[in-house]
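This report describes the model shown below, chain by chain and then at selected residues.

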Amino acid sequence: MSTELRIVLIVVSILVLIYVLRKIRQSKLNIIDSIFWIVVAVILILLSVFPQIAFFLSAVLGIQTPLNFIFLLIIAILILKVFLMTIKISQLQEKTKVLAQKIAYDEFEKKIEDTKEEDQ
Amino acid sequence: MKLLVFIPAYNEEKSIKKVVDNLVLKCPQYDYVIINDGSTDRTEQICEENGFACISLPINLGLDGVFQTGNKYAYLHGYDLAIPFDGDGQHNAEYIPLLVDKMNEGYDIVVGSRFLNEKKPNNLRMMGSRIISFFFKLTTGVKFTDPTAGMRLVNRKIMRQIAQNQNCGAEPDTWAYFVKNGARLAEVQVKMNERAAGTSYFTLGRSFFFMLRMCISIVFIQFFRKGGK
């Protein structure tokens, strides 16, 4: 791992942290959803500050260079995140559907009641 | 003083009638409303059959969403105080007046604590509670013996913030946020029952992530949050 890469990783991670915290301040992000990004940023900072961790883990996993280990880690984290987001989107879709049905149903009931009242 | 007791209920068909009857018997002076969090069992029908006041959410919002619904309802209908009361029979209604008395001493939030005068048991679950208590004290300077307790009485000022702000869920980091912004928090010793029916939301895995989230939120994120008005 070159010093340049380590510096870039640290800077990018800190920028991510600042960005996430600003979004929380602006009430555009739920704390529960921000935890993932904070944890990822902290992991990247740790790996850049202590490259020994990457050296050790790449040796354990039989990966040639620590840099490859970092790439693998980031790809794995992103795939996991995409999967979790797919689940979340499915749930949201389901909930919007139920909400739309509920509103339509309530309006329909109201209309029937209104016409009944007019008839009387 | 107008007080609203709101009862979050998610699939509580076995216990909801007992809980409401008991609440009405012991605290007839307070208004109550059940907040049915999109239950898939007979909770809603039971409320209707018995003529209970019940707000039924069409979808499941989870603990935070229900907590906000209750506080929002209380705020919009001009209540001075609001308190959640478990739909599964864990809370005892006779403690509500004690919490109100404490509130009148000039607090904004009064929490029914299981461990104010009694010792916290030494098990895995309580270890989490200890860690949160520790960070709470560290960041706010206020002692909070039971940060995950469910009975939290709030006044109109806090109610409004919960009703209108994002990120004011029913969790310890919300109380840390309020206390850091000048709210006065007190605790009253209460006794809680074992749950009568249903299962706990907290499995081991969920507890772990809950703890992690709370620690990051209380220790780190709260420093950067904007103060409430």
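## Conventions

This is a predicted model, in which local features need pLDDT of at least 70, side-chain atom pairs count only at pLDDT 80 or more, and totals for chains, interfaces and linings use all residues. Residues are numbered from 1 along each chain as its sequence is written, chains are lettered from A and ligands numbered from 1 in the order in which they are written, and side-chain values use heavy atoms, with hydrogens and water left out.

## Chain A

Chain A contains four helices and zero strands (DSSP runs: H or I of at least four residues for helices, E of at least two for strands, numbered from the N terminus). The radius of gyration of chain A is 24 Å, well over the 14 Å that the globule rule gives for 120 residues, so chain A is more spread out than a compact globule. Here the radius is taken over C-alpha atoms, and the rule is 2.2 Å times the number of residues to the power 0.38. Along the principal axes, the C-alpha atoms of chain A fill a box of roughly 85 × 35 × 15 Å.

Of its 120 residues, 22% count as buried (under 20% relative accessible area, with a 1.4 Å probe and protein chains only). Contacts (heavy atoms within 4.5 Å) with a separation of 6 or more in chain A are 53% between residues 24 or more positions apart.

## Chain B

Chain B holds eight helices and seven strands. Its radius of gyration of 17 Å agrees with the value near 17 Å for a compact globule of 229 residues. The C-alpha box of chain B is roughly 50 × 40 × 35 Å along the principal axes.

Buried residues account for 51% of the 229 residues in chain B. Among contacts between residues at least 6 apart in sequence, 77% join residues at least 24 apart in chain B.

## Two buried residues

A:Ser48 lies in helix 2 (residues 31-49) of chain A and counts as buried because its relative accessibility is 0%. A polar atom of its side chain lies 2.6 Å from the backbone oxygen of A:Leu44. Leaving aside neighbours within four places in sequence, A:Ser48 is in contact with A:Met1, A:Arg6, A:Leu9 and A:Ile10.

B:Asn71 belongs to helix 3 (residues 62-76) of chain B and, at 1% relative accessibility, counts as buried. Not counting residues up to four places away in sequence, B:Asn71 touches B:Phe6, B:Ala82, B:Val154, B:Met159, B:Ile162 and B:Ala163.

Technical notes
Buried means under 20% relative accessible area, exposed over 50%, partly exposed in between (1.4 Å probe, protein chains only). A polar contact is a pair of N or O atoms within 3.5 Å; within protein, one must be able to donate a hydrogen and the other to accept it, and residues adjacent in sequence count only if both atoms are side-chain atoms.
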